[in-house]
Amino acid sequence: MPTNKRFDKVLTKTEKIKRAQSAKNEDVEFSAEQADAQDLEAIRRSEVADRRQERIINDSE
(Lines give C-alpha, C1' and ligand atoms only; values in the text may rest on other atoms or scores of the structure.)
Protein backbone atom coordinates (compact mmCIF):
# COMPACT_ATOMS: atom_id res chain seq x y z
CA MET A 1 0.00 0.00 0.00
CA PRO A 2 1.54 3.37 -0.97
CA THR A 3 2.44 5.76 1.84
CA ASN A 4 2.68 8.93 -0.23
CA LYS A 5 1.95 12.12 1.64
CA ARG A 6 -0.75 14.33 0.20
CA PHE A 7 0.34 17.88 -0.35
CA ASP A 8 -3.09 19.14 -1.38
CA LYS A 9 -4.50 18.66 2.14
CA VAL A 10 -5.51 21.82 4.00
CA LEU A 11 -3.45 22.04 7.17
CA THR A 12 -5.07 22.62 10.53
CA LYS A 13 -3.87 25.49 12.68
CA THR A 14 -1.98 23.06 14.90
CA GLU A 15 -0.24 21.52 11.90
CA LYS A 16 0.74 24.97 10.61
CA ILE A 17 2.20 25.93 14.00
CA LYS A 18 4.14 22.65 14.22
CA ARG A 19 5.63 23.21 10.76
CA ALA A 20 6.53 26.81 11.55
CA GLN A 21 8.23 25.82 14.79
CA SER A 22 10.13 22.93 13.24
CA ALA A 23 11.43 25.23 10.49
CA LYS A 24 13.05 27.41 13.13
CA ASN A 25 15.04 24.45 14.46
CA GLU A 26 17.15 23.96 11.35
CA ASP A 27 20.78 23.24 12.11
CA VAL A 28 22.68 25.94 10.25
CA GLU A 29 26.21 27.00 11.07
CA PHE A 30 26.88 30.73 10.95
CA SER A 31 30.28 32.35 11.20
CA ALA A 32 30.27 36.03 12.10
CA GLU A 33 33.91 36.28 11.02
CA GLN A 34 33.07 35.13 7.51
CA ALA A 35 29.82 37.09 7.15
CA ASP A 36 29.73 39.85 4.58
CA ALA A 37 27.23 42.70 4.15
CA GLN A 38 24.86 40.48 2.15
CA ASP A 39 24.86 37.84 4.90
CA LEU A 40 24.06 40.45 7.53
CA GLU A 41 21.26 41.87 5.39
CA ALA A 42 19.87 38.36 4.90
CA ILE A 43 19.83 37.80 8.66
CA ARG A 44 18.02 41.10 9.23
CA ARG A 45 15.44 40.29 6.57
CA SER A 46 14.98 36.79 7.98
CA GLU A 47 14.29 38.18 11.46
CA VAL A 48 11.74 40.62 10.04
CA ALA A 49 10.05 37.79 8.12
CA ASP A 50 9.95 35.61 11.26
CA ARG A 51 8.26 38.39 13.24
CA ARG A 52 5.78 38.95 10.41
CA GLN A 53 4.97 35.22 10.22
CA GLU A 54 4.50 34.96 14.00
CA ARG A 55 2.18 37.96 13.89
CA ILE A 56 0.12 36.36 11.09
CA ILE A 57 -0.15 33.10 13.05
CA ASN A 58 -1.12 34.91 16.25
CA ASP A 59 -3.65 37.14 14.47
CA SER A 60 -5.39 34.10 12.96
CA GLU A 61 -6.06 32.62 16.40
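Areas here come from the Shrake-Rupley method with a 1.4 Å probe, and for residues only the protein chains shown count as cover. I noted that the model is predicted, that local features need pLDDT of at least 70 and side-chain atom pairs pLDDT 80 or more, while totals for chains, interfaces and linings use all residues. Residues are numbered from 1 along each chain as its sequence is written, and side-chain values use heavy atoms, with hydrogens and water left out.

Next, burial. Of the 61 residues, 3% count as buried. Buried means under 20% relative accessible area, exposed means over 50%, and partly exposed lies in between (1.4 Å probe, protein chains only).

Then I looked up the secondary structure. I found two helices and zero strands. These are DSSP runs numbered from the N terminus (helices: H or I, at least four residues; strands: E, at least two). Helix α2 covers residues 37–59, and α1 covers 13–23.

I checked Ala20 in helix α1. Ala20 is partly exposed at 26% relative accessibility. Its C-alpha atom is 8.7 Å from that of Glu54, 34 residues away along the chain.

I searched the whole structure for salt bridges and got one. The cut-off is a side-chain nitrogen of Lys or Arg within 4 Å of a carboxyl oxygen of Asp or Glu. The pair is Arg44 and Glu41, with the closest N and O atoms 2.8 Å apart. Both sit in helix α2, three residues apart, so about one helical turn separates them. Arg44 is partly exposed at 44%, and Glu41 is partly exposed at 36%.

Last, the patches. Patch residues have over 30% relative accessible area and no salt bridge; like charges are joined within 9 Å, and nonpolar side chains (Val, Leu, Ile, Met, Phe, Trp, Tyr) within 5 Å.

I found a nonpolar patch of about 270 Å² made by Phe30, Leu40 and Ile43. Phe30 lies in the loop between α1 and α2. Phe30 is partly exposed, at 47% relative accessible area.

I also found a positive patch formed by Arg45, Arg51, Arg52 and Arg55. Lys and Arg count as positive, Asp and Glu as negative; His and the chain ends are not counted. Arg55 belongs to helix α2 and is partly exposed at 49%.

Note on methods
Charge placed at Lys NZ, Arg CZ, Asp CG, Glu CD.
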